[in-house]
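Please read the following account alongside the sequence and the coordinates. It goes through the sheets, the hairpin, the backbone exceptions and the pocket in turn.

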Amino acid sequence: MDRLTEARGLMTPRRAVLAVAAGLGVAAGLGLAALGVRRLLHAFPQGHPDPKLVKVAEVSRLFIYPVKSCKGIALTEVEVDELGMKKGPLKDRQWLIVDEKWNMVTGRVEPTLVLVTISSENGFLCLNAPEMEELRVPLKLPKTNSVKMCRVWGCDIEGRDCGDEAAHWISTYLKNSKAFRLVCYEPSMKPRYPKEKAPLFMDNDKTVYNDISSCMMMSEATVEDFNTKLEKKVKMENFRPVVVVKDCKPYEEDTWKGIQIGTTKLHRRMCCTRCIFTTVDPDTGIIDRKEPLETLKKYRQCDPAEKHIYKSVPVFGSHYGIERPGVIRVGDPVYMIVEQ
């Protein structure tokens with residue numbers, strides 16, 4: 001073991017693997033050697049990236065937003081599947097608040113939703129908000145609860161109703177004359193396909209209650225640069241990304257096509273368009289309706305060649321499609337996949 005450790009320190013990973021494989025071959029024949037090579041290749045950490053990968057950044061923050069428009073949960077590690085980010089039973093944007101007609105309700109019209117904190121405990125989804133007692137909703141809803149067809153950005157998608165207690169809690173908190181309800185997506189339900197509304201996505205891209213994609217990325221440098229143009233500074237939370245990166249130039253996340261983070265591969269699809277939700281203060285739930293959106297409109301318009309896609313809507317951050325599921329951790333290097 002000491003010799004193997006020393007060999008790893010003195011050799012490149014490839015040479016170390018070949019050397020150990022040769023030893024195994026002498027000891028146990030070619031079949032055992034091949035098995036040893038496969039195991040050792042698998043054991044080497046991703047600190048030795050493929051030469052086609054170029055480090056361009058590092059993951060600094062990770063978020064999921066289990067209930068759409070409610071406060072995000074900061075994490076140090078997330079699992080990534082074809083529908084997006086998750087941690088344990090909590091999955092990104094797989095609960096949705098709807099009105100009496102089963103249309104989505106977001107922070108654009110109910111800005112105080114951003115103050116609702118989300119957690120899970122002992123098989124329950126837990127919602128807490130100012131001046132409200134905690135709401136606990138079973139993560140596994142009874143099959144007797146009805147399944148409704150809900151409307152999210154003009155698309156139909158199912159959700160199982162979370163019950164009258166949840167409906168009463170949300171309606172009471174929002175202090176609105178309308179009756180609101182909470183619904184949950186289940187794995188057996190059909191997801192949404194972003195390509196139906198945004199042709200730059202691929203046929204196999206999927207999402208649930210997200211606006212467009214299941215992975216929106218921004219860099220710290222982008223927000224820092226934007227703040228130099230604002231009188232009242234904004235936070236990363238104004239823009240609600242799931243992956244935040246550092247150690248890159250402002251807006252560099254818009255230039256990466258294929259990237260690898262941890263065991264996950266992502267591919268950029270399009271810019272993230274911005275709306276009035278950016279003007280909701282994530283700490284107070286107060287909507288400004290002007291800034292930072294007005295400054296974004298002046299400063300972050302798309303390339304003229306892309307006007308047919310984005311029109312005059314400002315863009316800020318990038319949507320990525322999930323090419324390969326895996327795990328992403330804070331501190332992971334972000335590698336750009338260079339075509340050769």
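The paragraphs below begin with conventions and then describe the elements.

This is a predicted model, in which local features need pLDDT of at least 70, side-chain atom pairs count only at pLDDT 80 or more, and totals for chains, interfaces and linings use all residues. Residues are numbered from 1 along each chain as its sequence is written, and side-chain values use heavy atoms, with hydrogens and water left out. Helices (H or I, at least four residues) and strands (E, at least two) are DSSP runs, numbered from the N terminus. Two strands count as paired if DSSP finds at least two bridges between them.

Strands of a sheet pair through backbone hydrogen bonds, either parallel or antiparallel.

The side chains of D161 and R181 meet in one, at 2.7 Å, N to O. D161 is in strand 11 and R181 in strand 12, 20 residues apart, and the pair links distant parts of the chain. The structure holds 23 salt bridges (a side-chain nitrogen of Lys or Arg within 4 Å of a carboxyl oxygen of Asp or Glu).

Another open sheet of 4 strands has the order 5-4-3-18, again with antiparallel pairing. Strand 5 (90-91) and strand 18 (326-329) are at the edges with a single partner strand each, so one side of each has no neighbour in the sheet. Strand 3 (residues 77-81) pairs with strand 18 over 4 bridges in the antiparallel sense, and E79 stands opposite V327 in strand 18.

Strand 7 (residues 117-121) and strand 8 (residues 124-128) run antiparallel and are joined by 5 bridges. E121 stands opposite F124 in strand 8. The hairpin of these strands has 2 residues between them, and N122 takes a positive phi near 50°.

Most residues other than glycine have a negative phi, and most peptide bonds are trans. S69, in the loop between strand 1 (53-64) and strand 2 (73-75), has a positive phi near 80°. A cis peptide bond, with omega about 10°, joins E291 and P292. P292 is in the loop between strand 16 and helix 5 (293-299).

What remains is the pocket. On a 1 Å grid over the protein atoms alone, a pocket is an open set of points where a 1.4 Å probe fits, with protein on both sides within 12 Å along at least five of seven lines; lining residues have an atom within 4 Å of a point. The largest pocket has a volume of about 660 Å³, where volume is the space filled by probe spheres set on the points, joined across faces, edges and corners. Its lining has 33 residues, of which R108, W153, D211, I212 and T273 lie nearest the centre. Strand 16 (residues 264-273) gives the largest share of this lining, 3 residues.
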